[in-house]
Amino acid sequence: MAEKSKVIEKEAIVIRFSGDSGDGMQLTGTQFSDTSALFGNDVSTFPDYPAEIRAPQGTVGGVSGFQVHIGSTDVTTPGDFCDVLVAMNPAALKANIRWVKPGGTIIVNIDSFNEKNLAKAGYTSNPLPDYQKGDFNIIEAPITTLTQEAMKEITNDNKTVLRTRNMFALGMTYFMFHRPLDYTLSFFEKKFSKQPDVAKANKLVLEAGYHYAETIEAIANKRVVVAPAKLEPGTYRNINGNTATAWGLIAAAEKAQLPLFLGSYPITPATEILMELAARKDLGVKTFQAEDEIAGICTAIGAAYAGSLAATSTSGPGLSLKSEAMGLAVMTELPLVVINVQRGGPSTGLPTKTEQSDLLQALFGRNGECPMVVIAASTPSNCFTYSYMAAKIALEHMTPVILLTDGFLANGTEPWKIPTMESLPEITPRYAPKDAQYQPYARNSEWLYRYWALPGTPGHEHRVGGLEKMDVTGTVSYVPENHQVMCNYRDEKVARVQKVIPLQTVEGDQSGDLLVVGWGGTYGHLSHAVKNLRKAGNKVGHCHFNYINPLPANVEEIFSKFKKIVVCELNFGQLANYLRMKHQKFEYLQYNKLMGLPFTANELEEHLKNLI
Amino acid sequence: METKIKYTPADFKSDQEVRWCPGCGDHAILNAMVKSMANIGIPKENVVVVSGIGCSSRFPYYVSTYGFHGIHGRASAIASGIKTANPNLCVWQITGDGDALAIGGNHFIHAIRRNIDLNIIVFNNEIYGLTKGQYSPTSKIGSITKTSPFGTVEPPFRIGELVIGAQGHFFARTIDVMVNLSSEIFEQAAQFQGTSIVEALVNCVIFNDGAHDVYSDKEYRDDRVIILRHGEKMVFGKNHDKGLVLEDLKLKVVTIGKDGYTLDDILVHNAQEENPGIHLMLANMSYPDFPLALGVIRAVKAPTYERLVEQQIADVKSSAKIRCMNDLLTSGNTWTIK
């Protein structure tokens, strides 16, 4: 290591890797963030990639990006703008230049800046001289050539060179930010244990990138180090929202001493939940990759009837397909967790981009009066907490629960202080008492749940189904008064969940000029914006909902302490409208965005500032 | 599922009033079914009957086992979930031609493909009854119904062909009027490990009366149906003088003692033959060129989905490093801050 080079200490930096969707930018970004997390930084990541696996090479539409924010203090967002952009080709530069901070550094693979690629990206001439003249520090690195050079002893196969050059860029950034190489080196050894040549080629290229950076004056003189963050003591791991969601379910099943069953159909960006659970045969998880979304939920309903903790995972269009079956779960009053990883809609929409536009679908998108508990996770790691809580509520209240996450949470990662199973709350499934006579629709008087009688239990044989049932006995009933009674029960049962969910909290000022209201995946950005507004002396609170149906009991109390309320959402105002319905006496301002992107803390700050 | 208990058919009847129309073929299937359930002797608490939507799908309410009346077309998916979650249950699915083959066609073929141990009885009346008389995917071409006042212009599915096309391992056919045969077939379906499909031809007395009369009428039934039993000659007819032979790669009806054909020429039914060629030909036979095949046409052993799932879990667990959630939480890359 060139210790003689100058090192600047910074509180946080943001780096964005970008290239063709086949360039391995997701892997590169993940390596950088994992290495940083292991180094002790707080980390937040944002993968931003197209739906096409290999979109037309070299085009702006095919650019895949991965942004990493590392810090020595609390990092709540992946950062609005980056300090360093790595652009593997002109298209990546074109797509991402807007995200580079003024004065930021751009590393380009100059080998790819030929006429053909410039044209594909829509540049009429080489833009680098102009950017150089502007406020950017451009580093033109011949990444392809140097990658070829580094691995020439092993192979000169062009494909291998193309596949490995991302590691050259990674090596350069490791030098720039004083990162150790060992995590990535051991990753190569594991991943390519059966192809030692490939492992070696990757190692040589990574090191070559590292040493090349050392020779670039513009880098060597400005090496940046971000000290480890002062996180709470404990054992940590990096986790993304989808893994955390899957793990929350496994943990809940173990706590409730139930087998876990997931019925699901692959759909971006929820598929990883199915993949993660499919890999957990060691913990006895049964996954059923169904023929369609409907079968995904229907197999789960069957499994719930048979006595499993049952779940189904999907994204927007899939939730639409599951609507009728969710009604069946409401009618049969079975425990079921429905996970919806929201993406840009409507229809196929923006499969790989984030949005919060399924809230009203989750709340109301079914025929009949069909109440379900609706919960939303708000950070990648608390997807664990809320999927655990979704399962707990489903099992303890005999109701289907929808857990909303989104593409931003699903793919984003952050360090997570690992809980122990012992620290998680107990889960008590509502089994029918073994010896008593069983009435399928007899209810617990306090919570109104019916009891769960599992097939295989002698004497508890009973029928459930989608037709309206007689109170207590559960026979088919068309009695008008009975339908009223049963509708009331289903509604009130869900409403009573309010008594077990925590009271809503407010971050920042507890009363004041402006209450910023949000829900779900926008937590980090809103929190960051509110902190900055408060630093500037404003009296602002941040009220972020995780429990949406039912809402916590103290909403009115909180809302009445602020002069203005603004609801910020990545939709046209779905929570705002829901709040208008539930708490009519307040006026709700809105800030909305529908670009398939998270808010930037910056835009929020700009907008909110004007409301005070 | 090992314990065998002595039951009578009445033990499997629920206290619910059966609300099918008088004269509906479904009554006969229900009677045959409770008889088979009693004969099979699986403890009642281990039996689950799942259905979709339609007249036949009211079935779960009329038996005293566990029951799940699902939503239209999705019975196979619900039943698949139940069986996969608890392979020790004996799971029946009651469905109709609309429920299984129209709205539920996808789930139906995929359940068959997976070979989940479900016993699926398709009540085929070639009409939508509960919605009062629209054509179904099995209605004969030209059928005049409320939604085809000038006759249908779409060819029907042949259930056996669909089952075999979906790599089905068990296919049988019965007809409402032959209660003993139905009962015998249901028992075989239950004992078969894998997806067993039984097509039950039932008469809709209100909207499609007489759809199966060509076979069911006692006067000529024996000449128009053949009851296939594994290992037995394919002989039929009032006088047991007709049989099936294979000529030019096709089935042919011959009269024993005529044109030089003897009993020795008649085919012997092998339901366990893996190659579905003959089974397909048998399943597709129809009047007037052929007798309609009843009985178990195909029953070929194969591993079942739910057992393979259990086996895979057991195999992975036997050498797993991660044995509980705490192991998983702390696996891989972690770091400690003091």
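Modeller: A residue counts as buried if 20 or more other C-beta atoms lie within 10 Å of its own, exposed if 12 or fewer, and partly exposed in between, with C-beta atoms placed from the backbone. This is a predicted model, where local features need pLDDT of at least 70, side-chain atom pairs count only at pLDDT 80 or more, and totals for chains, interfaces and linings use all residues. Residues are numbered from 1 along each chain as its sequence is written, while chains are lettered from A and ligands numbered from 1 in the order in which they are written.

Biologist: What share of the residues in chain B is buried?

Modeller: Chain B has 338 residues. Its C-alpha trace spans about 95 × 45 × 45 Å along the principal axes. The buried share is 49%.

Biologist: What radius of gyration does chain B have?

Modeller: The radius is taken over C-alpha atoms, and the globule rule is 2.2 Å times the number of residues to the power 0.38. For 338 residues, that rule puts a compact globule near 20 Å. Chain B agrees with it, at 22 Å.

Biologist: And what radius of gyration does chain A have?

Modeller: The C-alpha atoms of chain A fill a box of roughly 80 × 60 × 45 Å along the principal axes. With 612 residues, a compact globule would come near 25 Å. Chain A agrees with this, at 26 Å.

Biologist: How many helices and strands does chain A have?

Modeller: Helices (H or I, at least four residues) and strands (E, at least two) are DSSP runs, numbered from the N terminus. Chain B comes to eleven helices and twelve strands. The count for chain A is 22 helices and 23 strands.

Biologist: Is strand S4 of chain A mostly covered or uncovered?

Modeller: Take one side first: Val63(A), Gly65(A), Gln67(A), His69(A) and Gly71(A) are buried. With nine of its nine residues buried, S4(A), residues 63–71, is mostly covered.

Biologist: Which residue of S4(A) stands opposite Ile13(A)?

Modeller: Strands pair if DSSP finds at least two bridges between them. Strand S2(A), residues 12–20, pairs with S4(A) in the antiparallel sense over nine bridges. Strand S3(A), residues 42–48, also pairs antiparallel with S4(A), over seven bridges, and there Val43(A) has Ile70(A) as its bridge partner. Opposite Ile13(A) stands Ile70(A).

Biologist: How many residues of chain A are in contact with chain B?

Modeller: Two residues are in contact if their C-beta atoms, placed from the backbone, lie within 7 Å. Chain B brings 50 residues to this interface. Chain A brings 56.

Biologist: Which element gives the most to the side of chain A that touches chain B?

Modeller: Several elements supply at least two residues each, including helix H1 (25–39), strand S9 (234–240) and helix H12 (293–306) of chain A. That side divides into 29 nonpolar (Ala, Val, Leu, Ile, Met, Phe, Trp, Tyr, Cys and Pro), 16 polar (the others, Gly among them) and eleven charged residues (Asp, Glu, Lys and Arg). With ten residues, the top contributor is H12(A).

Biologist: Which strands stand at the edges of the open sheet that includes S12 of chain B?

Modeller: The order is S16(A)-S9(A)-S12(B), with antiparallel pairing. Each edge strand has a single partner, so one side of each is left without a neighbour in the sheet. The edges are S16(A) and S12(B).

Biologist: Which residue of S12(B) stands opposite Tyr236(A)?

Modeller: S9(A) joins S12(B), residues 335–337, through three bridges. S9(A) joins S16(A) through five, with Lys417(A) as the partner of Tyr236(A). On the chain B side, Tyr236(A) faces Trp335(B).

Biologist: What angle does the direction of H1(A) make with that of S9(A)?

Modeller: Axes are lines fitted to C-alpha atoms, for helices over the stretch in contact, and angles run from 0 to 180 degrees between N-to-C directions. H1(A) packs on the sheet and touches S9(A), S16(A) and S12(B). The angle is about 170 degrees.

Biologist: How many residues are in the largest nonpolar core?

Modeller: A nonpolar core is a set of buried Ala, Val, Leu, Ile, Met, Phe, Trp, Tyr and Cys residues joined through C-beta atoms within 7 Å. Ile375(A) and Ile82(B) are among the members that touch the most others. A second, separate core of 57 residues includes Leu85(A) and Tyr174(A). The largest core holds 200 residues.
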